[in-house]
Amino acid sequence: MRTHAQAVVIGGGVIGCSILYHLAKLGWSDVVLLERSELTSGSTWHAAANIHGLHDSTNISRIQHYTMNLYNALEAETGQSCGVFQPGSLYLAQTEAREHQLRLQAAKAKFYGMNFHEVSRDEAERLHPLVNFDGIRCIMYEPDGGNVDPSGVTNAYAIGARQRGAEIHRFTPVTATLPQPDGTWIVETPNGNIHTEWVINAAGLWGREVAALAGITLPLLPTEHQYFVTETIPEIAAMDRRLPSVADRDGEYYLRQEGQGLLVGAYEKDVRFWAEEGTPQGFGHELFADDLERIEDNMMRAIDRVPVVGEAGIKRVINGPMIWSPDSNVLYGPHPELTHYFCCNGIIPGFSQSGGMGLMAAQWIINGESDYDMFAWDVARFGTWADAKFTKARVGDQYAKRFSIHFPNEERAAGRPVRVRPAYQMQMDMGAVFGLNYGWEHPLWFADQPGVKDTNGFTRQNWFEPVGREARMLRQTAGIIDISNFAKYFATGPGAADWLNAVFANTMPKAVGRSCLTPLIGVRGGIAGDFTVTRLAEDEFMIIGGGMSERYHSRFWKEVPLPAGTTFESRTDTMCGFNVAGPQSRALLARLTNADLSSEAFPFMRSQRITVAGVDVIALRVSFTGDLGWELHCDQADQLRLYAALLEAGRAVEAGPVGSRALMSLRIEKGYGSWSREYSPEYWPQEVGLDRLIKLDKEFLNKASYLKIKDNAPREMLSLIEVQEVTDADATGGEPIFLTDGTPVGRVTSGTYGYSVGKSLALGYLKHVAPGTPVDVMILGKPHRGVVLAEPPFDPAGTKLRA
């Protein structure tokens, strides 16, 4: 066994072997995989191994599409059969909401050149004559859907990796992972130790245990999962072709051909957790006792849809463990608190995602960043607040709702609240409906009375009109928005200005009391973040960014060493904030402070330490609403007192509380982008209009990467579209955009109704489409005519912001 390696992969399941293969394929041949038992031990060997290409997330769809196309090429390359069966998959919609979901996925498939389209009932019956299609509103067909052989795929990756020089050692458990002062690792095993640049935790059911070796905790929990295979079905035995699989997610089961029978699996409501205190070290190819009564309701729905299931005997039952994260997405990427430690844990649809997951991991490890923005998978999306209680509640909810539609703007209640601010109960009593942002509860909108909950769907829901009242109130008078979930950092000390200039692309404010907007440049020159930086004193700066990305951005802060005597710390947990915005915001605040708020004394993009209602605050003359406004940041202990005073003063000008859904509408009316929607490492600064904020007369993080792409013509541009053919739905993000002749030209990143301008709006990226051009936005998967706007419909000159 080698004593040195560029990377050590821990775990010989399908994901570990895929990562090893892709590392070798991208040029790292000095890599090793360590498996405690045989390859495929754990969850891999007993997986149903279905493959499908479409997902609600565009980038995950692209990853799954890559994976599906990889398997046949992998067979040809290695000579190892992957057991690929691709008779296609039929997707059934029993409800209107499911039809909306499938039609939107079909529109995305058309945009990305994927094979997924609607078929008639007659065609569906020809494809699968055993299915009863009564009550089905819509049928989609994915010709490339099917399943693979778990062992075959895993071994094909292993063979491909070995052919490129990688080593695989079975029966080699890892007993320690020891970080070294230079950022490398010693991986200890009974068969010898390996000194490596990177440790990759792909340990499947043992991901928690391997993480603990490095001193970290991952929010993961296993459950039992069952499927069964029938005896031979005569109708199938008589066929000369393989039947397509059936995705009847409204029925909460999955079904495909297995041999000459059928395989039927279910995600039942009666969830059974397993190994809550840790996966047994001796577990490998064992299964649990059959418990088909638990999935009886799901089985009966499968029998109603495919009657031969009820006539066939059961050949075998598989009841094995799966390990889940709190949102059922993989925990992925370099661990933010460790150096060169990559996580890839909690994978559920592993055989649909293994190839793309391995490729993105290899890109990230070798190049420092993956080609696609994978924040939806990033391990940094959870913090220590995602404890065992939260994880168990969320995993149970995710399992039981595995086939439930996750609607746009949907906020699931399981495991909440986790983290609350002092004003939480007061806001609840006022009728606030809350969302979750990096563990924090924050008001989405305010109902007329306490206890109201969101309804969910693809069309406008019960919050549409209340959010409209909030947005119009702010535009007409003023509104008070809780922005406590924004990330807040302080850089202090003699080297603070130099350090911030070395991190951010814009030049930091030179004068006390001034603020600037600045991008953070990613490894490949894209937008890794956007921040507001304020100079509070000669040696003190306040930095404000996106709250949900705080742990993600912590990776970047480490890239530039702090000068001696300088500190950088997050105060998100100990500070709160409100945005008071709207034409009467100055009058509202004047009732509570003696500070001069005139434009002459307090101009736009300036800051002051002032007292508001007896509370010391850092006041910034800025607002994400695009209207006149101030951000007020205070100690968390003062939040309730400040909030009560702002609300009381607001009554005099007919102002009140405003939630984040209204803020979404207001910022899109102004054409403002938001990180993880409009801004991500995939997009170049010149494509989002942030290149004007980059100053090349200084050095900053990843400047060399930016210089490589700065003169490139934009591939596409961030644009605002007015959807003129308005129905009962607005764009929400992810909808493809076509020219009226059917040419694909872009996709929506954020969408909403602009209440104060009376327009349905979609913000997104377009490929060289001039203002005034008519386009079709695929809302609900159907074309809705719109036009590209030359400027934002609200205050395009920015006069209100500076009033």
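Which residue in β25 stands opposite Thr 492?

Tutor: Glu 540 in β25 is the residue opposite Thr 492. This is a predicted model, in which local features need pLDDT of at least 70 and side-chain atom pairs count only at pLDDT 80 or more, while totals for chains, interfaces and linings use all residues. Residues are numbered from 1 along each chain as its sequence is written, and side-chain values use heavy atoms, with hydrogens and water left out.

Strands (E, at least two residues) and helices (H or I, at least four) are DSSP runs, numbered from the N terminus. Two strands pair if DSSP finds at least two bridges between them. Between β22 (residues 487-492) and β25 (residues 540-545) there are six bridges, and these two strands run antiparallel.

Both belong to an open sheet of five strands, ordered β23-β24-β25-β22-β26, with antiparallel pairing. At its edges are β23 (515-521) and β26 (567-570), each of which pairs on one side only. From one strand to the next, the twist averages 25 degrees. Strands of a sheet pair through backbone hydrogen bonds, either parallel or antiparallel.

Two helices lie across this sheet. For the angles, axes are lines fitted to C-alpha atoms, for helices over the stretch in contact (heavy atoms within 4.5 Å); angles run from 0 to 180 degrees between N-to-C directions. Helix α14 (residues 496-503) lies across β22, β23, β24 (527-537), β25 and β26, at about 30 degrees to β25. Helix α15 (residues 550-557) lies across β22, β23, β24 and β26, and runs at about 80 degrees to β24.

A nonpolar core is a set of buried Ala, Val, Leu, Ile, Met, Phe, Trp, Tyr and Cys residues joined through side-chain atoms within 4.5 Å. Buried means under 20% relative accessible area, exposed over 50%, and partly exposed in between (1.4 Å probe, protein chains only). The largest nonpolar core has 49 residues, of which Ile 19, Leu 23, Tyr 157 and Tyr 332 touch the most other members. Its largest share, eight residues, comes from α10. Apart from this core lies another, of 40 residues, including Ala 496 and Val 533.

Last, the cysteines. A disulfide is a pair of cysteine sulfur atoms within 2.5 Å, and by that rule the count is zero. Cys 634 is buried, with a relative accessible area of 1%.
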